[in-house]
Amino acid sequence: MPTTSRQPGSGPTLHEGLLHKGYPRLLLISALVGIPVSLAAFGFVGLEHELQHWVWESLPAAAGYGRAPWWWPLPALLLAGLLLAPVVTRLPGRGGHVPVDGLGGPPTPPVAVPGVVLAALAGLPLGVVLGPEAPLMALGGGLALLAVRSARRAEQPQLVAVLGTAGAAAAISTIFGSPLVAAVMLIEAAGLGGPQLIALILPSLLAGGVGALVFTGFGHWTGLAIGALSLPQVPKSGVPDAGDFLWGVPLAVAIAVVCVAGQTVGRRVKTLTTTGTARQTALRTVLCAVAVGGCLAAYALLTGRSPEEAALSGQATLGTLAADPAAWPVGALLALVLCKGLGWSIALGSLRGGPIFPAILLGAALGTACAPLPGFGAAPALAVGLAASGAAVTGLPVTSTVLAAALLGGEAANSMPLLIVATVAAFITAEALRGRPKREAAPAGRTEESGVS
């Protein structure tokens with residue numbers, strides 16, 4: 001293989017960077033950091049899952065209901081708002097960043113981690129229409145920085161970025177169903193290239209792999225469910241034909257429009273909730289939480305189904321939908337997109353959590369609603385929904401394709417051409433609708449315009 005000489009003034013080569021005396025130690029620290037971070041993340045996700053089960057299944061059963069009644073989200077979300085308001089107005093870090101800004105920015109300082117955890121546990125189990133991915137990344141990044149003394153963090157900002165990213169990868173490696181998805185996300189969101197890219201991703205991949213191992217081992221040992229984003233059963237797919245692309249591309253565009261519209265509403269809600277005094281912020285946070293509860297109750301009233309289907313991150317509902325798409329009437333799917341989509345939009349600008357998981361359910365629901373179109377079908381419709389929604393909400397097309405492929409499992413091989421086309425169509429549509437983004441000077445990743453940083 002031919003080699004290229006380094007140009008004068010260029011940065012270090014990959015060989016020089018990997019053999020630098022401090023880099024092997026950084027890899028060792030990343031692997032070691034992955035263990036306590038993943039243990040903490042496992043505890044967080046396990047507790048959140050148990051609380052969610054208690055609120056939406058055990059408590060209604062104890063009250064004599066076969067399932068949560070239509071009004072159940074109203075007191076649940078009111079309580080979520082009341083618990084969240086003091087966190088976002090009084091604690092360091094304000095419970096984490098507003099989710100419409102994406103998945104993060106700079107690593108979360110350790111002092112802000114308790115507020116992030118409290119905000120997530122106050123809202124997610126009670127039905128906030130957001131996912132656990134952003135709190136997990138903040139938790140992982142903040143805990144990883146505890147491995148470095150504050151004085152050293154001030155002296156070496158690059159070390160902070162690498163360890164923070166590695167900690168985030170360890171925390172979310174399993175919640176996305178695969179450490180590979182987390183690694184690809186961090187590669188694409190970093191906005192780097194060449195030796196810098198490899199130097200950043202190796203610690204992240206190593207910490208993510210350790211985190212996935214710990215998650216899996218503790219899951220088997222304790223018997224606790226962690227609620228990873230996965231589809232145990234999906235429709236059988238064949239090789240995509242002309243009809244799949246004929247319907248798939250317009251569907252991807254429509255999904256991108258829905259996701260961008262939700263983010264636009266979320267940014268306006270953010271302006272409302274983040275301006276004014278602390279008392280006004282607290283009051284508006286509670287009102288937004290109640291409004292989300294109203295959206296969930298409206299879904300139950302419109303469809304006669306459980307409000308739990310529209311509440312929470314959407315992980316459980318996504319699995320149910322993929323396993324048996326025929327059990328969902330088109331009217332129920334459209335009501336889910338409308339009510340959960342509106343609740344998600346409000347939550348994006350006012351509550352705390354991650355933006356990705358609910359958006360993926362919205363895309364899958366809209367895709368499944370279009371499955372009866374002539375020449376289409378459940379399998380290609382679901383594939384388009386998964387890929388297009390991820391690309392539109394994150395602005396990371398490669399990550400979205402890999403995530404959709406991971407969710408589809410063995411069926412992804414046949415669907416890959418359709419996944420790629422749907423991802424590109426949704427990504428271009430979303431970028432066009434957002435207009436020219438307001439980029440920051442630092443190449444730290446995507447800003448709020450992209451949904452991930």
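**Ground rules.** I am working with a predicted model, where local features need pLDDT of at least 70, side-chain atom pairs count only at pLDDT 80 or more, and totals for chains, interfaces and linings use all residues. Residues are numbered from 1 along each chain as its sequence is written, and side-chain values use heavy atoms, leaving out hydrogens and water.

**The core.** I looked up the largest nonpolar core and found 109 residues in it. Such a core is a set of buried Ala, Val, Leu, Ile, Met, Phe, Trp, Tyr and Cys residues joined through side-chain atoms within 4.5 Å. L136, F176 and L386 have the most contacts inside it. Domain 1 (19-222) and domain 2 (242-434) both contribute residues, so this core lies between them; the bounds come from an automatic or database domain assignment.

**Around L136.** Leaving aside residues up to four places away in sequence, I see L136 touching A41, F44, V45, A171, I172 and I175 (contact means heavy atoms within 4.5 Å).

**The rings.** How many aromatic pairs are there by this rule? I count two, taking Phe, Tyr and Trp rings (six-membered ring for Trp) with centres within 6.5 Å; planes under 30 degrees apart are stacked, over 60 edge-to-face, the rest tilted. Y65 and W71 have ring centres 5.9 Å apart and planes at 80°, so they are edge-to-face. W71 and W72 make a tilted pair, 5.6 Å centre to centre with 45° between planes. Y65, W71 and W72 form one aromatic cluster.

**Buried or exposed?** W72 is buried at 10% relative accessibility, while Y65 is partly exposed at 35% and W71 partly exposed at 31% (buried is under 20% relative accessible area, exposed over 50%, partly exposed in between, with a 1.4 Å probe and protein chains only).
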